[in-house]
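Visitor: I have just opened this structure. Could you show me how to read a few of its features?

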Amino acid sequence: MTVRDVIIIGSGPSGYTAAIYAARANLNPLVIEGAAAGGQLMTTTEVENYPGFADGILGPDLMEQFKKQAARFNAEFITKDVTKVELEGNIKKVFVGDEQYQAKTVIISTGAKAKMIGLESEQRLLGYGVSTCATCDGFFYSGHQIAVVGGGDSALEEALFLTRFGEHVTVIHRRDTLRASKIMQDRAMANDKISFAFNKEVTEVIGDTKVSSLKLKDTVTGEESNLDVTGLFVAIGHTPNTSLFKGVIDTDEMDYIQTIGKSTQTNIEGVFAAGDVADHVYRQAITAAGTGAMAAIEAERYIEAN
Ligand code: NAP
């Protein structure tokens with residue numbers, strides 16, 4: 001069986017960037033990009049903060065460009081999900097069902113998923129008023145009425161950030177006590193532009209082609225109400241896609257892959273992690289791409305040294 005230099009598991013900005021760098025270093029990377037290739041940007045509309053695209057670019061178009069660039073230098077792609085890995089030892093094994101692939105190094109870039117409320121209307125309007133990233137999309141909501149769902153630090157951080165743009169921000173939380181840290185609560189409570197809708201859950205996002213309001217239900221009394229907003233930011237947490245690596249690769253208390261120091265090196269030699277799977281802080285396409293480049297450079301150096 002051929003032992004490749006690099007297998008990249010996952011795609012998105014980190015996986016494709018790792019592929020570009022590895023391919024240009026003549027490492028002939030195999031990218032097993034996942035059945036839903038392209039990552040979180042595939043459900044995003046306009047991306048205005050990716051450097052180099054002064055007029056903005058649609059998320060899926062940006063990912064197509066990334067992939068084309070990697071393909072230009074002969075990266076290979078398999079658009080399926082990895083089902084099993086054996087990463088210890090010098091030869092790493094990666095399985096896609098019954099197929100087995102082997103490599104000297106593996107770059108994990110399986111990303112993370114934003115948790116969603118789980119409504120059909122929320123999915124339908126994702127990118128059209130429903131967002132999971134204030135840093136990415138807040139700018140589009142200048143002067144708007146905005147709602148944020150969630151009661152943790154993320155929700156309050158998003159709400160505070162969104163006050164720079166929105167006319168008003170309503171934080172909708174399913175209980176009457178916030179999970180967020182005291183300091184974030186104090187900051188949010190002290191902000192005139194933020195109000196709280198406690199004991200409320202969103203039962204429907206209303207709008208044909210863009211969000212116009214939300215249907216809310218009181219979690220205590222069951223009473224229904226409407227909230228007029230044009231933006232809904234869902235901030236109820238993220239889940240890193242690390243189930244494949246449980247028990248093998250070290251993760252932190254939130255299941256994100258732990259890397260050593262400022263590198264992308266994991267606890268297993270020759271295995272590197274890049275992008276959101278190892279980052280719960282920045283979660284940006286540009287930072288994911290940056291760590292993808294780092295992982296490829298580190299993989300190349302590892303191969304050279306061994
Ligand atoms: P989190 O702490 O798990 O909070 C998630 C929030 O979403 C909770 O309030 C939860 O409600 C709510 N929620 C979960 N599922 C829901 C659903 N289906 N419908 C409605 N609400 C739902 O997640 P996070 O805020 O993303 O924070 C993750 C970690 O990162 C935390 O440790 C946090 O401290 C840290 N963080 C820190 C900062 C900072 O310090 N600046 C910023 C961001 C994140 P319940 O409370 O009822 O469970």
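Guide: Gladly. A disulfide is a pair of cysteine sulfur atoms within 2.5 Å. A search of the whole structure finds 1 disulfide. Before going on, note that this is a predicted model, where local features need pLDDT of at least 70, side-chain atom pairs count only at pLDDT 80 or more, and totals for chains, interfaces and linings use all residues. Residues are numbered from 1 along each chain as its sequence is written, and side-chain values use heavy atoms, with hydrogens and water left out.

Visitor: Which cysteines does the disulfide join?

Guide: Cys 133 is joined to Cys 136, with 2.1 Å from S to S. Their link is right-handed, with 75° about the S-S bond.

Visitor: Is Cys 133 buried or exposed?

Guide: Buried means under 20% relative accessible area, exposed means over 50%, and partly exposed lies in between (1.4 Å probe, protein chains only). Cys 133 has a relative accessible area of 15%, so this residue is buried. Cys 136 counts as partly exposed because its relative accessibility is 26%.

Visitor: Which residues of helix H6 are buried?

Guide: Helices (H or I, at least four residues) and strands (E, at least two) are DSSP runs, numbered from the N terminus. In H6, residues 182–189, the buried ones are Met 184, Gln 185 and Ala 188. Seen down the axis of H6, these residues fall within an arc of 100°, so they line one face of the helix. The arc is that of the directions from the helix axis to the C-beta atoms. As a general idea, an α-helix has 3.6 residues a turn, so residues three or four places apart point the same way.

Visitor: What covers the buried residues of H6?

Guide: The cover includes helix H5 (153–162) and strand S13 (194–197).

Visitor: Where does Thr 242 lie, and what does Thr 242 touch?

Guide: Thr 242 is in the loop between strand S18 (238–240) and strand S19 (271–273). Contact means heavy atoms within 4.5 Å. Leaving aside residues up to four places away in sequence, Thr 242 touches Asp 255, Ile 257 and Val 277. With a relative accessible area of 4%, Thr 242 is buried.

Visitor: And where does Asp 228 lie?

Guide: Asp 228 sits in the loop between strand S16 (224–227) and strand S17 (231–234). Asp 228 counts as exposed, at 59% relative accessibility. Not counting residues up to four places away in sequence, Asp 228 touches Gln 145, Ser 212 and Ser 213. From C-alpha to C-alpha, Asp 228 and Thr 239 are 29 Å apart in space, and they are 11 residues apart in sequence.
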